[in-house]
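Hi everyone, thanks for coming.

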Amino acid sequence: LKEICGFPAIVSAMVVLLANVTICPKTPYTDKEEVVLWMNTVGPYHNRQETYKYFSLPFCAGSKKTISHYHETLGEALQGVELEFSGLDIKFKDEVMQTTYCEIDLDKAKKDAFVYAIKNHYWYQMYIDDLPIWGIVGEADENGDDHYLWTYKKLEIGFNGNRIVDVNLTSEGKVKLVPNTKIPMSYSVKWKKSDVKFEDRFDKYLDPSFFQHRIHWFSIFNSFMMVIFLVGLVSMILMRTLRKDYARYSKEEEMDDMDRDLGDEYGWKQVHGDVFRPSSHPLIFSSLIGSGCQIFSVSLIVIIVAMVEDLYTERGSMLSTAIFVYAATSPVNGYFGGSLYAKQGGRRWIKQMFIGAFMIPAMVCGTAFFINFIAIYYHASRAIPFGTMVAVCCICFFVILPLNLVGTILGRNLSGQPNFPCRVNAVPRPIPEKKWFMEPAVIVCLGGILPFGSIFIEMYFIFTSFWAYKIYYVYGFMMLVLVILCIVTVCVTIVCTYFLLNAEDYRWQWTSFLSAASTAVYVYMYSFYYYFFKTKMYGLFQTSFYFGYMAVFSTALGIMCGAVGYMGTSAFVRKIYTNVKID
């Protein structure tokens, strides 16, 4: 095994898999030092995720000796980064006049490949010193009969001291594609001084006019006002109603048994003997709550890290960070899932731990495995290598599972006692008939509307950054939206649960979870609107990639919202039954 930067390969591999680090620190250049131009991927402009190796098109490479590239992070490998050496001879501050570096011997097969790429608006990506550069393969004439290839790469590199801070590519040398001809490929390099600081060199790729648009600010303000209104409304209704309920129940306490029997008893107090009854399917329910708490922790930590560090400056760093944080927060899943399962009297805690630990990884890996078959059929760069699959499985079995076990044991021992304020009756109380809009199914369908309304504008910006060519960097907005979403979700589920209990229906656990989780259904429905009206995606691979991973995203969001809604509602239910006198 080779050593990387002086560390043994096995140590480097563990660091690479579990942390978002660069293997070798970037060092300043010296004059005439080699600067590597990496060719990354090529693919249709409208299908961002449908990418292929640059040399899958019949381009030719320069004569310089090939350099191998190591995947720096797990995220880089999962995102289909396929860096190949261009073979171009570029040295720091050494200008190169227009020079032919190779010739394409164009036969009919190569011409057809280039024509297909031009018709589908293929463009390619390159990297110099980790700065991305994009160029278009070619163009067709107005009639679409003749097709032309851009053959001249004109590079202009900006430097500040001994650092590269800016790269621009101009494509010139339009040559008509004619079979059985030779097409010379050339390049030139011009160096210029720049005032851009090294730490600010990625600012040119950001789009403040898009992300800091007035509509974005207005949507945040609108959601914030909704939160204030909703919290005020919930507080006023519940405090006023609960005060009346407490007064009525206190009055009933002063009556004798005969008066109480003749009285018209109704309301949430009547189900005190059943409200803390274990939910149906407690094993699945507790696993969902544990997974939701973990997803919330991951979202919170990753957003904070992204606010502090500019994760967009490193390839795959956001995905690497998310995987590392997810693995590290596995005890959260075990703690909340294990303690809830113990409170509900569950005995198969090992099975619950396994289901909780592997629920989200199995969903993500199952979707990725399905899409991977299509990627392999297409020979796309997004096809996940076997070694990367093994690495992900190792993280699941040797990091996530043990940490989940630790959390489960702690949760069962520290907070697994069912210390409910009311005794649970031996025989379940029959649930009376109620109006159709008080049925749990109706409450579940309506519960997700307001939480979705508070985030759908932000969904547009997040979708655009992932599915189009924008770099998302306004993580302060995302943090505000996460806080707003949690507050709205808790308020809505508390109101839904209060009405349900008032109708003397004690099945509040699943109802509170699903009414909050139904936000995911609306998000997934919005993803259909976004696909058909906001993008120009096409083809089996891109469509399956889009709807597959949007289903994963929506499900994870739903599980998180459901867990947040349940935790808030659980605190509310415990509070109101603690404050009322029970015989």
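Let me start with a question: is F437 buried, partly exposed or exposed? F437 is partly exposed, with a relative accessible area of 40%; here buried means under 20%, exposed over 50%, and partly exposed in between, using a 1.4 Å probe and protein chains only.

A quick word on the ground rules. This is a predicted model, where local features need pLDDT of at least 70, side-chain atom pairs count only at pLDDT 80 or more, and totals for chains, interfaces and linings use all residues. Residues are numbered from 1 along each chain as its sequence is written, and side-chain values use heavy atoms, with hydrogens and water left out.

Now the rings. Phe, Tyr and Trp (its six-membered ring) pair if their centres lie within 6.5 Å; planes under 30 degrees apart are stacked, over 60 edge-to-face, and the rest tilted. That rule gives 64 aromatic pairs. One of them joins W436 and F437, edge-to-face, at 5.7 Å centre to centre with 85° between the planes. W436 is exposed, at 62% relative accessible area.

Next come W510 and F513: their ring centres are 6.0 Å apart and their planes at 90°, so this pair is edge-to-face. Both residues are buried.

R315 lies over the face of Y127, 4.5 Å from the ring centre, and K153 lies over the face of F59, at 5.8 Å. For this, NZ of Lys or CZ of Arg must be within 6 Å of the ring centre and within 35 degrees of the ring normal.
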